[in-house]
Amino acid sequence: MRSLEAQATRWTRYLALGGGWVLLGVAVLTVADALLRKFLSRPLPGTFEASELLLAAVIFFAMPYTGLTDGHVSVDLLTGRLSPRAQTVIVGVNALVCAVILGFIAYQMGLLAVEYGRSARTTITMRIPILPFIVPVTAAAALAALGFVVQALAAFARAAAR
Amino acid sequence: MSPITISLLGFIALLALILARLPIAAAMAIVGVGGTAAIAGWPAALATLRQGPFERASSYTLLIIPLFIFMGYLASQAGLSQGLFRAAHVWLGHRRGGLAMATVAGCAGFGAICGSSVATGATMCSVALPEMRRYRYADSLSTGCIAAGGTLGIMVPPSIIFVLYGIMTEQSIGKLLMSGVLPGLVETLLFIVAIALVTAWWPSLGAPAPRATWGEALRATRDIWEVGVLFAVVIGGIYGGLATPAESAAFGAVGALAFGLARRRLTWRGLVEALDQTVRTTAMVFFIVIGADLFGYFMALSQMPMQLAAGLSALQVKPFVVLWAIIVTYIVLGALMDELAMILLTVPIFFPVVTALGYDPIWFGVVIVVVVQIGLIAPPVGLNVFVIGGIARDVPMVTIYRGIMPFLAAMIVLLAVLAAWPGLALLLPSQMR
């Protein structure tokens, strides 16, 4: 189970870093757009709307990796006093709860994606189709839910082995 | 059950889930969706999950957050923090407690290119702590000044807290960022005064280092020109109205990358590391933002914030009594929970109260940042103290907490100064175009 968690962390890191490169791309695009607008009065069309859609990818692509590496903020004011085994069980239960929430978010986002697909929804100004962006974002949210399941199973396995 | 009762039960449930170590973002999301369902039914609650997260994650105003985070990590990987500390070292190091003063000044400088207190604290810790150890500084002073100095990262612009506050309260992010400049400078001075007083009383805490020559001092100062350029581009762009905050942040991130590559200090590994840390922090922040959105929707539906504001406004007490009660509540909350979550959770509740009492929203933003700074170092849950403790593993937490006390006092003095003279926060924003 531990190796599954390690493998999952490794692969989701690649996805997260992919999002990181996208962020770098957005930064360069934004700078280029601002400079071209200022000096040549010729901004790059669609920068604003593309940045918005890409930002969602940056965020959700990093969700599975952040969950698997305990990147989310929690408070161990009380639980820190429990036995290591009890703490591991709590980590597992909490990971399952997170999996349920992200599962719900992914499912609802999936319904939204279906709706956008049916209505061929686009951004307002540049008419960029939203579907190609929301589908990977939804998949990343689902992957984050799965990541939490893996984390929970690994925690339970650790607790049982103690 | 009335919506107000449901909202109070929601708060109790939220606290219980947070104390059970559930990630704060998840706790807010569960209570938010559950509370909305209790008031308006499940279809309405599920609808918040459908639209909310994607819309929030694809909002242009929030692009500024990952870009500022990226800029900070790139600057750290590019070694800009070392130059800052060296420059402060040559001017202040020969004084009693001088290296601690240099650390604080270095933190303020790094805060000018980094929007996060944890990143500022952690970055300066790796640079300043070994140097202070070399001169046998007391662990309490050396770790305390880094933990407290790190919090300058969110007061001196750029600052993630100001950005989030601006988005939640629909205030100008540019004005909010500028409002942190003067209080940030005054706070840095207050920290330096605190160090001077402490080391005057207990000289063994921080012995003076040898005085640098004029040549060394000038060289070290010249070496930090990149930081000056980055700050001028980012903050100057916002102040002068030349660029939107998101564009300025993009210039900052690309600029930090360019300087790192030009100096040959930013390696491939360093860049990947900066990307790794940036996206992890971004996902953490946005999960909390999404959770807070869901919780905020529930709060708005319950009408609790509005009723609280109306009730407090009707009380026959002076506005500053209510304000200080809110500040004390923040300090207590900040000592117990994560600051980001605290802001996102409480600002929708307290902001209507504060504005109804006639206080300036920008000024209140600065007050919020100071109380967040206090929360970041105050026991028992001081995030910055934990981070520094994680790096300086041989120093007990109690020692770090002892070390932050003079800085805590300085922060309270700053709050009093802000209360007495709001112009400290409002002067620069009022001059903006």
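**View 1. B:Trp324 sits in helix 18 of chain B, which spans residues 319-336.** Helices here are DSSP runs of H or I with at least four residues, numbered from the N terminus. This is a predicted model, where local features need pLDDT of at least 70, side-chain atom pairs count only at pLDDT 80 or more, and totals for chains, interfaces and linings use all residues. Residues are numbered from 1 along each chain as its sequence is written, chains are lettered from A in the order in which they are written, and side-chain values use heavy atoms, leaving out hydrogens and water. With 32% relative accessibility, B:Trp324 counts as partly exposed, meaning between the buried (under 20%) and exposed (over 50%) cut-offs, using a 1.4 Å probe and protein chains only.

**View 2. Chain B meets chain A.** Here 52 residues of chain B touch 61 of chain A, with contact meaning heavy atoms within 4.5 Å. Together the two chains bury about 5200 Å², 78% of it on carbon and sulfur atoms; that is accessible area (1.4 Å probe) lost on being put together, summed over both. On the chain B side, B:Arg21, B:Arg50 and B:Phe54 lose the most area to chain A, together 16% of what that side buries.

**View 3. A salt bridge joins the side chains of B:Glu247 and A:Arg37.** The N to O distance is 2.7 Å, and the rule asks for a Lys or Arg side-chain nitrogen within 4 Å of an Asp or Glu carboxyl oxygen.

Note on methods
Helices (H or I, at least four residues) and strands (E, at least two) are DSSP runs, numbered from the N terminus.
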